[in-house]
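Have a look at the structure, then read on.

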Amino acid sequence: MLDASKDDQPLVSVRDLKMHFPIYAGLLRRRVGEVKAVDGVSFDVMEGETLGLVGESGCGKSTCGRAVLRLYDITAGSITIDDREIGDTPQGQLREMRPTMQMVFQDPQASLNPRMTVEAIIKEPLDEHTSLTDAEKREKVGELMDAVGLNRKFAKRYPHAFSGGQRQRIGIARALALNPKFIVCDEPIAALDVSIQAQVVNLLEDLQEQFGLTYLFISHDLSMVRHIATRVAVMYLGKIVELAPREALYAEPLHPYTQALLSAVPEPDPSLEDKVERIILQGDVPSPSNPPQGCNFCTRCPAVMDICKVEEPDYREVRPGRFTACHLYSDNNDTAG
Amino acid sequence: MPDGALPVLDVRDLKTVFKTRAGEVHAVNDVSFALKPGELLGVVGESGSGKSVTMMSLLGLLPSPPADVRGGTVTFGGNDLLKVDAETLRAVRGGKIGFVFQDPMTSLNPVFNVGVQIMEPLRKHMGLNKRDAAKRAQELLELVGIPDAQRRLKDYPHQFSGGMRQRVMIAIALACDPQVLIADEPTTALDVTIQAQILELMKELRSKLGMAVIWITHDLGVIAGIADRVMVMYGGQVVEHAPVKELFGNPQHPYTRALLKTIPTIHGERAARLTIIEGQPPIMMNAPSSCPFRDRCDVAFDRCERENPPRYDLGDGHDAACFFDARTGGPRDA
């Protein structure tokens with residue numbers, strides 16, 4: 001059991017999810033290895049909560065989000081959404097499941113077809129999955145545009161006529177069209193300016209309340225995740241190293257990587273800035289095609305021990321509701337598990 | 001930073017427009033600032049606020065047309081950089097003024113190894129021969145913390161990670177001992193832990209080499225940790241300028257105040273809801289005749305519609321371009 005509190009029902013359960021991409025090389029394009037983008041992650045997303053998924057570029061957080069929605073054919077593992085196992089469902093049968101699970105993409109420029117009007121973009125999922133009449137669809141599009149704060153008058157315009165923040169609202173309206181339960185937000189604010197980011201985040205929060213949505217919020221912005229998430233999972237090199245309720249994670253990070261990551265975030269307050277103890281990590285993230293033996297973080301960890309270079313730490317609940325994969329917490333803890 | 005020292009770089013009333021088919025875009029409007037020796041000036045603003053265009057204009061890096069640097073003076077080493085001939089300007093660029101660009105991926109040449117690229121300014125500007133240049137290039141790579149420098153000189157950009165590539169960019173910018181280093185969003189494309197490495201490196205290099213730095217960013221957190229003074233830009237203008245502690249502790253312009261409130265923090269109090277700045281940044285198709293922030297401002301009044309506020313001096317090196325006096329809570333006197 002991975003849930004924090006037992007009364008909440010998980011809407012999404014992911015167990016031991018693996019997504020490996022093959023590497024082909026040489027004249028005969030033989031398979032010479034694989035990039036272990038996601039290498040065994042397990043987590044639950046409770047109904048109505050926002051699970052923040054953070055990590056640096058290349059850690060596999062986006063791949064993880066896409067794999068959960070089965071935008072890829074996953075290598076191994078199980079995914080249950082709304083009590084249905086979709087880990088091994090063929091793509092054809094997944095279509096009928098798609099209305100429940102939607103995605104908001106990072107780049108609003110690239111994820112909207114420049115040759116379709118806003119109305120056509122938001123209407124497309126309705127065309128595909130419902131049997132509404134044309135007038136009903138248009139009415140629904142209007143409602144969706146109201147919900148995300150876009151003026152209905154602009155329905156016939158093309159994406160290029162909108163600013164970045166407005167385009168992201170179009171993407172959100174499209175994701176909402178089929179009354180989904182679960183939305184994966186893949187860096188929805190990364191391409192936006194600071195003053196626009198807050199607008200979109202507030203909108204996502206309002207919609208969550210209004211429609212009872214559940215989010216998997218993928219981001220590299222740790223301060224924004226602190227604002228929006230209920231619980232936070234930290235990924236490093238294809239694995240979740242720590243998962244905890246938001247306040248606990250930010251107040252007292254357990255895993256050395258989470259500690260370093262949080263200390264590296266610049267503080268927009270010079271008086272606090274002087275007090276913050278920075279942990280400067282040495283070196284770079286190893287390649288996911290050739291991860292180190294033992295713990296993935298052992299090459300950069302400030303608290304590395306001998307065992308870390310040999311044995312991979314288990315991902316386990318070390319305190320109620322707090323999961324981490326680190327040898328530092330493996331002995332004193334036999335009672336908690 | 002010595003207060004009375006003469007500025008190394010003095011920019012007055014810089015004005016740049018872009019000529020487009022739809023009309024002229026006023027990207028930089030009467031921007032003035034002075035950079036003192038050894039200090040780090042942070043320039044903050046959102047995209048389109050004119051922060052990068054300002055720096056590109058003063059080094060003549062903008063293609064013309066469409067860009068037209070229409071007025072102002074840029075005093076550096078006794079010359080006005082806007083008036084000097086191409087030859088002199090070339091000696092300044094990459095020589096006495098170094099430039100680090102945002103994206104280390106696209107600003108290095110992929111077909112030359114990094115050694116060649118670091119040696120280029122050394123040979124062009126300092127006239128070093130190949131052997132001395134190679135030696136100096138190795139020292140530079142060591143200076144910016146790239147291990148195994150001698151071997152790495154022969155590596156190509158794709159063989160470096162993002163953070164390492166940005167270190168190479170910094171090494172190139174530092175090659176000729178510049179008096180001024182202009183860094184345009186140098187850490188924006190990097191991850192936070194790598195950003196922390198680069199910020200630490202910059203602090204170290206500044207105390208070692210003593211050059212003045214202009215650091216452009218949209219990240220107020222980065223500025224808080226590294227800058228001595230901060231200039232906030234909006235709509236092609238400087239709206240507020242103050243020493244770093246003063247700016248964060250006592251912001252006077254409504255835009256700065258709003259901006260500081262919209263960003264969530266890691267350590268401070270967690271707000272239940274983010275404060276937002278309504279509306280969109282201005283479209284700068286006309287020469288400014290009113291305050292660029294008025295449509296999104298919560299204290300705007302009729303005068304903001306009629307006139308563009310000048311920068312009011314508030315003492316202690318603090319100025320703000322706003323008709324509203326946050327200290328008295330009323331309009332400023334004419």
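In this predicted model, strand 1 of chain B (residues 9-20) pairs with strand 4 of chain B (residues 67-76) in the antiparallel sense, and eight bridges hold that pairing.

- R12(B) has T73(B) of strand 4 as its bridge partner.
- D10(B) is bridged to T75(B), also in strand 4 of chain B.

**The hairpin of strands 4 and 5**
- Strand 4 of chain B also runs antiparallel to strand 5 of chain B (residues 79-80), and two bridges join them.
- One bridge to look for here links F76(B) with N79(B) in strand 5.
- Two residues sit between the strands of this hairpin, and G77(B) takes a positive phi near 55°.

**The sheet as a whole**
- What is the strand order in the open sheet of chain B? Its four strands go 2-1-4-5, with antiparallel pairing.

- Helix 1 of chain B (residues 51-58) lies across strand 1, strand 2 and strand 4 of chain B.
- Relative to strand 1 of chain B, helix 1 runs at about 105°.

Notes:
Residues are numbered from 1 along each chain as its sequence is written. Chains are lettered from A and ligands numbered from 1 in the order in which they are written. This is a predicted model: local features need pLDDT of at least 70, side-chain atom pairs count only at pLDDT 80 or more; totals for chains, interfaces and linings use all residues. Two strands pair if DSSP finds at least two bridges between them. Two residues are in contact if their C-beta atoms, placed from the backbone, lie within 7 Å. Axes are lines fitted to C-alpha atoms, for helices over the stretch in contact, and angles run from 0 to 180 degrees between N-to-C directions.
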